[in-house]
Amino acid sequence: MTARPLLAVAAVLALAPSLAPAAPAAGQPSAADLEAQLVCPTCKTTLDMSDAPVARRMKAIIRAQLAAGATEAEIKTELVDQFGQGVLAEPPKRGFDLLAWVLPLGALVLGAVGVGVLAWSWSRRAGNGRESEETPLDPALERRLEDELARFDG
Amino acid sequence: MTAARAKVAAQALAMAGVVALLALLVWKVAFAADGGVAAELAAGKPVEAPPFALERLDREGTLSLDDLAGKPLVVNFWASWCIPCREEAPRLQQTYERYGGQGLVVLGIDYQDFRADAKRFMKRFGLTYPNVYDGKGSLVGRWGLRGVPETFFVDRRGRVVGDVIIGGVHLERNEDAFVKGIELILSSTP
């Protein structure tokens with residue numbers, strides 16, 4: 001009689017891992033991680049934002065492959081083979097796709113340099129302007145100005 | 001003098017950038033697919049079927065439009081995850097069996113799908129007509145596809161004729177357009 005409850009507890013403990021949601025193995029991404037990194041080919045949003053039929057099928061495949069122990073790279077390679085590079089939310093950082101990362105950064109740096117050069121050039125011009133303000137007046141003009149002022153005061 | 005040269009070089013570089021961007025814009029406006037076959041057909045323009053060469057699903061190898069030159073074609077875009085595609089599949093198979101003797105070919109183009117799912121679909125519905133795989137959806141722009149299923153009719157001269165059937169081929173919804181398309185391609189001459 002006392003063995004029955006013990007057996008029941010043992011059975012529950014044995015089943016517990018299979019009842020809990022599948023946790024990713026060490027070094028493996030979760031399904032949610034991958035769904036945020038992959039794009040639904042028909043609606044062009046990430047899988048976690050899409051409920052399109054093909055997106056639902058892709059999510060099921062991802063979960064099945066994770067359960068079978070596939071790595072992130074293997075799953076992505078498989079999906080790229082089926083749907084092309086467009087299925088990746090971020091282009092890979094190699095080959096021609098590297099341009100997608102480098103070009104915006106390059107444009108940003110060039111823009112910053114351009115703004116710096118312009119600012120420097122404008123400040124120099126403004127500086128020159130101030131110098132010209134301090135240069136003395138032509139003596140003839142100065143004399144005429146003094147005469148005019150004296151006449152005005154007188 | 002050096003500063004003046006640098007200024008000229010910078011201006012030339014900026015001008016080159018502007019010209020390059022303008023050229024891109026002109027190219028996009030002039031050559032980019034805009035509505036594809038479906039839009040040109042709707043506008044009443046004669047339109048050639050866009051060429052393709054795709055991996056076959058029904059056997060090894062690839063199949064191109066050139067391989068089917070001179071044959072009347074029913075080009076059907078489909079996917080295993082698409083419910084109307086399941087409903088129309090038996091009708092397309094019947095069409096292939098009925099008119100195959102007159103040279104008609106139904107060509108299935110599986111779009112944005114898993115190969116394994118597509119092959120299961122073909123087996124489930126007993127499809128014996130040629131089917132090719134376009135997982136990347138590379139033909140979407142040129143054919144002006146809005147979704148699946150869609151069906152086009154290509155005559156023996158390689159021209160797209162009749163109406164595009166948007167949605168599943170259905171006895172009540174679009175029977176007239178389907179029959180008209182079949183008649184047009186069968187009566188065409190090479």
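Two residues are in contact if their C-beta atoms, placed from the backbone, lie within 7 Å. By that criterion, 70% of the contacts in chain B with a separation of 6 or more join residues 24 or more positions apart. The model described here is predicted.

Chain B contains six helices and eight strands. Along the sequence they follow the pattern α-α-β-β-β-β-α-β-α-β-α-β-β-α.

| Property of chain B | Value |
|---|---|
| Radius of gyration | 22 Å |
| Span of the C-alpha trace along its principal axes | about 85 × 35 × 30 Å |

Of the 190 residues in chain B, 34% are buried. The largest nonpolar core has 59 residues. Which of these touch the most other members? They are B:Ala79, B:Phe152, B:Val154 and B:Val160. Leaving aside residues up to four places away in sequence, B:Val160 touches B:Val37, B:Leu41, B:Val47, B:Ala49, B:Phe152, B:Phe153 and B:Val154. Two of these partners, B:Phe152 and B:Val154, are themselves among the residues of the core that touch the most other members.

Chain B also meets chain A. Ten residues of chain B are in contact with ten residues of chain A. On the chain B side, four of the residues are nonpolar, three are polar and three are charged.

Definitions and conventions: Residues are numbered from 1 along each chain as its sequence is written. Chains are lettered from A and ligands numbered from 1 in the order in which they are written. This is a predicted model: local features need pLDDT of at least 70, side-chain atom pairs count only at pLDDT 80 or more; totals for chains, interfaces and linings use all residues. Ala, Val, Leu, Ile, Met, Phe, Trp, Tyr, Cys and Pro count as nonpolar, Asp, Glu, Lys and Arg as charged, and the others, Gly among them, as polar. Helices (H or I, at least four residues) and strands (E, at least two) are DSSP runs, numbered from the N terminus. The radius of gyration is taken over C-alpha atoms; the globule rule is 2.2 Å times the number of residues to the power 0.38. A residue is buried if 20 or more other C-beta atoms lie within 10 Å of its own, exposed if 12 or fewer, and partly exposed in between; C-beta atoms are placed from the backbone. A nonpolar core is a set of buried Ala, Val, Leu, Ile, Met, Phe, Trp, Tyr and Cys residues joined through C-beta atoms within 7 Å.
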